[in-house]
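Today I'm looking up aromatic pairs and nonpolar cores.

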Amino acid sequence: MLIDYNKVSIYRDDLCVLKDIDFNVDEGEFVYIIGKVGSGKSSLLKTLYCELDIESAQKAEVLGIDLKKIKRREIPGLRREMGIIFQDFQLLHDRTVEKNLDFVLKATGWKSAERKQRIEEVLEAVGLSDKAGNMPHELSGGEQQRTAIARALLNNPKIIIADEPTGNLDPETAGNIISLLRDISLTGTAIVMSTHNIPMLDKFPGIVYRCSETSINDITNTYNNIDLTEEKERS
C-alpha cells in the first residue's frame with residue numbers, strides 16, 4: 001500500500017477539515033479527489049508530502065513512512081520518492097525547460113553525466129523533446145503543465161500528487177493532460193489528483209473519492225449515477 005490512512009484527522013488554521021478519514025492508494029491506481037471548495041481536497045494532498053501536519057491518526061503511512069513520527073530532516077527524502085504537480089505550474093521563469101529540470105536533478109543528487117539523458121527521457125515521455133531550449137513564457141499553458149509533469153517524473157516516483165492540474169487549462173488541453181497522467185498510471189506510478197473537472201471522470205475512469213462535511217468517501221461505484229450538473233455546482 002503506497003498510501004495508508006486510517007482514522008486520520010486534518011486541521012487547517014485550527015479548523016477540522018477532515019475527521020477520522022480512511023484513504024488508501026495502491027500501485028498504479030488513478031485516483032480522483034472531488035468536492036466543493038474548502039472541503040479538504042488540497043489539505044489532504046498537502047499532508048501526503050508533509051506540507052501540512054497530521055494532528056491525529058490511528059495510522060498515517062506514505063511509502064512505508066509513518067507520518068506521525070517523521071522528522072523534518074527526513075521529509076526531503078520522502079518527497080524525492082514522489083512527484084508533485086500544481087495548478088499554477090511553479091516553473092522557474094528565469095531558465096529554460098531543460099534547466100528547470102536540471103535544477104531538480106542536481107538538487108536530488110544526480111551526476112552530471114546522467115542528468116542530460118534523464119531530461120531527454122522525461123521530455124520525450126510528455127511530448128516536449130523539441131522544447132528543451134524554450135523559456136516558460138514561450139510555452140502554452142498545456143506545454144507548461146507538461147513541463148511540470150516531466151519535472152514530476154524525473155526521480156521515477158511511485159506516486160504523483162496533482163492539485164487541480166487542469167484548473168488553468170482549456171477543455172481540450174485539460175483532456176490531453178489527464179490522458180497523459182492516465183498513461184503514466186499504467187506504468188505503475190499511482191496518480192492522486194484533486195479536480196473540479198467532473199466530465200473527465202467519465203472520459204478517463206478511475207477511483208473517485210469525494211470530500212464532504214469533514215469526510216471522504218469512495219464513490220467510484222456510484223458517481224456515474226450522480227447528476228454531473230449538480231456535482232459541478234457543488235464544486
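Is Phe 23 buried or exposed? I looked it up: Phe 23 is buried, at a relative accessible area of 0%. (Buried is under 20% relative accessible area, exposed is over 50%, and partly exposed is in between, with a 1.4 Å probe and protein chains only.)

Ground rules before I go on. This is a predicted model, where local features need pLDDT of at least 70, side-chain atom pairs count only at pLDDT 80 or more, and totals for chains, interfaces and linings use all residues. Residues are numbered from 1 along each chain as its sequence is written, and side-chain values use heavy atoms, with hydrogens and water left out.

Entry: confidence. I checked pLDDT, the predictor's confidence in each residue from 0 to 100. The chain's mean is 92, and 94% of its residues reach 70 or more. The lowest spot is helix α8 (residues 228–234) with a mean of 48, while strand β4 (residues 59–62) is highest at 98.

Entry: rings. Rings of Phe, Tyr and Trp (its six-membered ring) pair if their centres lie within 6.5 Å; planes under 30 degrees apart are stacked, over 60 edge-to-face, and the rest tilted. I get three aromatic pairs that way. Phe 23 and Tyr 209 have ring centres 4.8 Å apart and planes at 70°, so I wrote down edge-to-face. Phe 23 sits in strand β2 (residues 15–25) and Tyr 209 in strand β9 (residues 207–212), so this pair ties together parts 186 residues apart in sequence. Tyr 209 is buried too, at 8%. Phe 30 and Tyr 32 are also edge-to-face, because their centres are 5.2 Å apart and their planes at 80°. Phe 30 is buried at 3%, and Tyr 32 at 0%. Ring pairs also join Tyr 5, Phe 23 and Tyr 209 into a cluster.

Entry: cores. A nonpolar core is a set of buried Ala, Val, Leu, Ile, Met, Phe, Trp, Tyr and Cys residues joined through side-chain atoms within 4.5 Å. Which residues have the most contacts inside the largest one? They are Tyr 32, Ile 149 and Leu 181, in a core of 40 residues. Its largest share, six residues, comes from α6. Another core lies apart from it, with 34 residues, among them Tyr 5 and Ile 161.

Conventions:
Helix = DSSP H or I, 4+ residues; strand = E, 2+ residues; numbered from the N terminus.
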